[in-house]
Amino acid sequence: MDLFDDQSARSEARAGAGTAPLASRMRPRSLEDIAGQDHILGPGKLLRRAIEADRLGSIILYGPPGCGKTTLAEVIARITNRRFERTSGVLANVAILRKILEGAAHWKKMNGQDTILFIDEIHRFNKSQQDVLLPYVEEGDIIMIGATTHNPFFFINTPLNSRSQIFELHPLSEDEIVRILRRALEAPEGLNQLVTVTEDGLRHLARVCDGDARRALNALEIAALTTPPEQDGLVHLTQAEIEESVQKKAVVYDHDEDGHYDTISAFIKSVRGSDPNAAVYWLAKMLYAGEDPRFIARRLIILASEDIGNADPRGISVAVAAMQAVEFIGMPEARISLAQATTYLACAPKSNAAYLAVDAALADVEQGRTLPVPTHLQSGPKPGKGDAVYRYAHNGRDHFVDQEYVPTDTIYYEPTDQGYEETIRKRIAYWNSLRRKKP
């Protein structure tokens, strides 16, 4: 059969059950068909048990686009004995909501059947709209399933959150996306084995779609529809066609071998070496290749303490703020916050004194140099320990008193003369001068 004989043949071959988009045709119909989310849908997990027992209460599904929130809601509607209604935070105003909610309450009164109300993009509801839901959720007139890409603890009213179970869905892994694409290639309702894709093409598509199954399926469909068949009547897609369908070229970057480790190494060493231009280039390469931005943010936090430390104490605050921005706003906008943190840390004064200090102290502890806590620093008087008195530092000159805090003369922390550590170094020198002045 020629996939491109005519428009009718193309529709039948690829759509199976009609002309609906591939992503719609491939929606799972059972829990077993859902890719990923084993942390909430695996055997014995709370959400799965509630669904299978048909004892589901109101829930909020929170996760990135294309991870399966709408799919899960539709599967729940299909396998539970509930009436199903759906609306959207974009479309429904208070009047529309009241009509749906009153209809659900009436249906339950007349037929004794609960209604599942699926609300996509529930974070777009304002306070008044969310408040309208409260009495119906509380009375059990509806079982609400809200879906949002935004953190519900920030965007959903506390009363509505407290009446719902919140489940976070994770982005799909590259392997999970590949499995979804293979199923779409083979299934009768999908591309019905009339399209083939090379392994590197599948992997590239799964990688650049960043955990979004809908985006991956849409790109596969575009590639299949715009590539003519060969003599065998099949459409053969290579990485080149896949790159065109997602408008993103592949870069040489693997996610668990040398490409991954070499690039993050170059990134960290560029920041440590105070070269913001090189650091931003390696950042851009990682983001373009689909690296997890949270991994980059975590490495910046480590670097802020290891390589900058107290030379610029604001460095770790900037890095942590970038991590929060990644979690809060996601990609692609989070690239800006990562770039800000990267350039700030690259241009900051450098010191590894805090890193060296803790490692030196750990080495002493590991080698058996475990020192007793001086009596005057212990939590309270102990029998037979004498009457040693702890001297309150704030009562001393410049809020300092000369007393022993650890029974050793070993110096672990030696601040440099870089940035703010120069101020710290002078302050320690002043305290040491006071220690030498005995009353």
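**Exercise 1. Strand pairing**

Task: In this predicted model, identify the residue of strand 4 that is the bridge partner of Ile119, and describe the pairing of strand 3 with strand 4.

Solution:
1. The bridge partner of Ile119 is Gly146.
2. Strand 3 covers residues 115-120 and strand 4 covers residues 142-148.
3. These two strands pair in the parallel sense, over six bridges.

**Exercise 2. The sheet and its helices**

Task: Give the strand order of the five-stranded sheet, name the strands at its edges, and state how helix 5 and helix 7 are placed.

Solution:
1. The sheet is open, its pairing is parallel, and its order is 2-3-4-1-5.
2. Strand 2 (83-88) and strand 5 (165-168) form the edges; each has a single partner strand, so one side of each lacks a neighbour in the sheet.
3. From one strand to the next, the twist averages 20 degrees.
4. Helix 5 (residues 69-79) lies across strand 1 (59-62), strand 2, strand 3 and strand 4, and runs at about 170 degrees to strand 3.
5. Helix 7 (residues 127-139) packs on the sheet, where it touches strand 3 and strand 4. The direction of helix 7 makes about 135 degrees with that of strand 4.

**Exercise 3. Aromatic pairs**

Task: The whole structure holds four aromatic pairs. Classify the pair Phe155 and Phe328 and the pair Phe400 and Trp431, and locate each residue in the chain.

Solution:
1. The ring centres of Phe155 and Phe328 are 5.9 Å apart. Their planes stand at 25 degrees, and planes under 30 degrees apart count as stacked, so this pair is stacked.
2. Phe155 belongs to helix 8 (residues 152-155) and Phe328 to helix 17 (residues 314-329); the pair thus links distant parts of the chain, 173 residues apart.
3. Ring pairs also join Phe154 with Phe155 and Phe328 in a cluster.
4. Phe400 and Trp431 are likewise stacked, with 6.0 Å from centre to centre and 5 degrees between the planes.
5. Phe400 lies in the loop between helix 19 (353-366) and helix 20 (421-435), while Trp431 is in helix 20, so the pair ties together parts 31 residues apart in sequence.

**Exercise 4. Accessibility and a charge over a ring**

Task: Is Phe400 buried or exposed? Assign Phe155, Phe328 and Trp431 as well, and state where Arg83 lies relative to Trp107.

Solution:
1. Buried means under 20% relative accessible area; Phe400, at 12%, therefore counts as buried.
2. Phe155 has 30% relative accessibility and counts as partly exposed.
3. Phe328, at 41%, is partly exposed, and Trp431, at 29%, is partly exposed.
4. Arg83 lies over the face of Trp107, 5.0 Å from the ring centre.

How values were computed. Residues are numbered from 1 along each chain as its sequence is written. This is a predicted model: local features need pLDDT of at least 70, side-chain atom pairs count only at pLDDT 80 or more; totals for chains, interfaces and linings use all residues. Side-chain values use heavy atoms; hydrogens and water are left out. Rings of Phe, Tyr and Trp (its six-membered ring) pair if their centres lie within 6.5 Å; planes under 30 degrees apart count as stacked, over 60 as edge-to-face and the rest as tilted. Helices (H or I, at least four residues) and strands (E, at least two) are DSSP runs, numbered from the N terminus. Buried means under 20% relative accessible area, exposed over 50%, partly exposed in between (1.4 Å probe, protein chains only). A charge sits over a ring if NZ of Lys or CZ of Arg is within 6 Å of the ring centre and within 35 degrees of the ring normal. Two strands pair if DSSP finds at least two bridges between them. Axes are lines fitted to C-alpha atoms, for helices over the stretch in contact, and angles run from 0 to 180 degrees between N-to-C directions. Contact means heavy atoms within 4.5 Å.
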